[in-house]
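Please open the model in a viewer and keep the sequence at hand.

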Amino acid sequence: MALEIEQFMCRSDNFGVLARNPATGAAFLVDAPEEGPIVAAVERTGWKPSVLLITHHHPDHVEANLALKQRYGLTIIGPDYEKAKIPGIDRTVRDGEIIEVAGRKARVILTPGHTAGHVCYAFEDDKVAFTADTLFALGCGRLFEGTPADMLGSMRKLIQLDADTVIYCGHEYTQSNAKFALSVDPTNSALKERAKEIDALRAAGRATLPTTLARELATNPFLRWHDPVIRRNLGMADASDDAVFAEIRKRKDVF
Ligand code: ZN
Ligand code: FE
């Protein structure tokens with residue numbers, strides 16, 4: 001039986017995720033942005049987490065680590081490279097490792113760029129991936145600790161997942177990402193359609209996530225560095241993939 005997933009807002013625009021294996025009742029959290037909404041989600045669902053998967057060290061992803069550890073006695077798992085900056089970490093993981101979480105298999109994918117040690121967790125049997133601040137709906141994370149080439153390498157890893165993988169991200173940034181995406185890819189009809197859906201969801205106060213890899217491949221400019229129309233719009237028809245990706249990221253930074 002595939003994972004059941006409860007997604008909810010934390011802080012101003014962070015997502016919290018609580019997931020459960022219905023066959024065993026075992027549950028886990030992905031990142032710990034804020035104690036209150038996470039505890040509320042546990043109480044609402046009755047899914048008591050035994051594991052906390054951390055994607056990267058930023059405070060808006062680890063702030064509630066110690067409080068949650070004390071409350072639930074959970075095991076905190078996070079990237080080896082960032083272990084010194086992850087409060088309460090019990091176990092570290094590296095690129096390519098397969099770990100068992102709540103009786104399901106997760107593959108650790110090292111995705112540097114936003115931070116140097118950022119990891120994503122792909123539950124491939126469940127067709128679910130948690131990409132936090134690496135891949136967003138219609139966007140990608142800011143490059144705080146990496147180069148555009150690092151982030152492009154990370155995107156290349158993520159697009160290897162099955163296209164029907166459901167993607168959960170770290171933030172609700174989709175509406176502003178859509179505006180930027182349209183600025184570099186204004187004639188993409190799938191993107192135009194999606195931007196309208198996003199506006200309607202946000203107007204109704206609803207989340208725009210999760211997404212799917214297939215949707216991102218069709219509409220997210222950070223997965224479309226090879227697209228001839230985007231390249232032409234940038235005046236970079238024959239430029240290298242690295243240069244095109246860097247230009248898209250640079251434009252987003254000042255958008
Ligand atoms: Zn971050
Ligand atoms: Fe974040």
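**A salt bridge to begin**

Select R142 and D253: their side chains form a salt bridge, with 3.4 Å from N to O. The term denotes a side-chain nitrogen of Lys or Arg within 4 Å of a carboxyl oxygen of Asp or Glu. The model is a predicted one, in which local features need pLDDT of at least 70, side-chain atom pairs count only at pLDDT 80 or more, and totals for chains, interfaces and linings use all residues. Residues are numbered from 1 along each chain as its sequence is written, chains are lettered from A and ligands numbered from 1 in the order in which they are written, and side-chain values use heavy atoms, with hydrogens and water left out.

Domain 1 brings 27 residues to the contact, and domain 2 brings 27 residues, where contact means heavy atoms within 4.5 Å.

How much area do domain 1 and domain 2 bury between them? The value is about 2300 Å², with 71% of it on carbon and sulfur atoms; buried area is the accessible area (1.4 Å probe) that two parts lose on being put together, summed over both. Select A137, L138 and L152 in domain 1: these lose the most area to domain 2, together 30% of what that side buries.

Across this interface the rule finds two salt bridges. Between the domains there are also 12 residue pairs in polar contact, both residues at pLDDT 80 or more. A polar contact is a pair of N or O atoms within 3.5 Å; within protein, one must be able to donate a hydrogen and the other to accept it, and residues adjacent in sequence count only if both atoms are side-chain atoms. On the side of domain 1 that touches domain 2, β11, β12 (139-140), α4 and β13 each give two or more residues, and α4 gives the most, with seven. Helices (H or I, at least four residues) and strands (E, at least two) are DSSP runs, numbered from the N terminus.

**The largest nonpolar core**

Now select M155, L161, W225, L234, F245 and I248, which touch the most other members of the largest nonpolar core, a set of 29 residues. Such a core consists of buried Ala, Val, Leu, Ile, Met, Phe, Trp, Tyr and Cys residues joined through side-chain atoms within 4.5 Å. Helix α4 gives the most to this core, with four residues. Because both domain 1 and domain 2 give residues to the core, it lies between them. Centre on I248 to find its contacts with F180, P221, F222, I230 and L234, residues up to four places away in sequence not being counted.

**Two threonines in one loop**

Move to the loop between β8 (104-110) and β9, where T111 lies. Is T111 buried or exposed? T111 is buried, with a relative accessible area of 0%; buried means under 20%, exposed over 50%, and partly exposed in between (1.4 Å probe, protein chains only). Its side chain joins that of T134 in a polar contact of 3.1 Å.

Finally, select T115, placed in the loop between β8 and β9 and buried, with a relative accessible area of 0%. The side chains of T115 and E82 are joined by a polar contact of 2.6 Å, and the side chain of T115 reaches the backbone nitrogen of H118 at 3.2 Å.

Note on methods: Domains from an automatic or database assignment.
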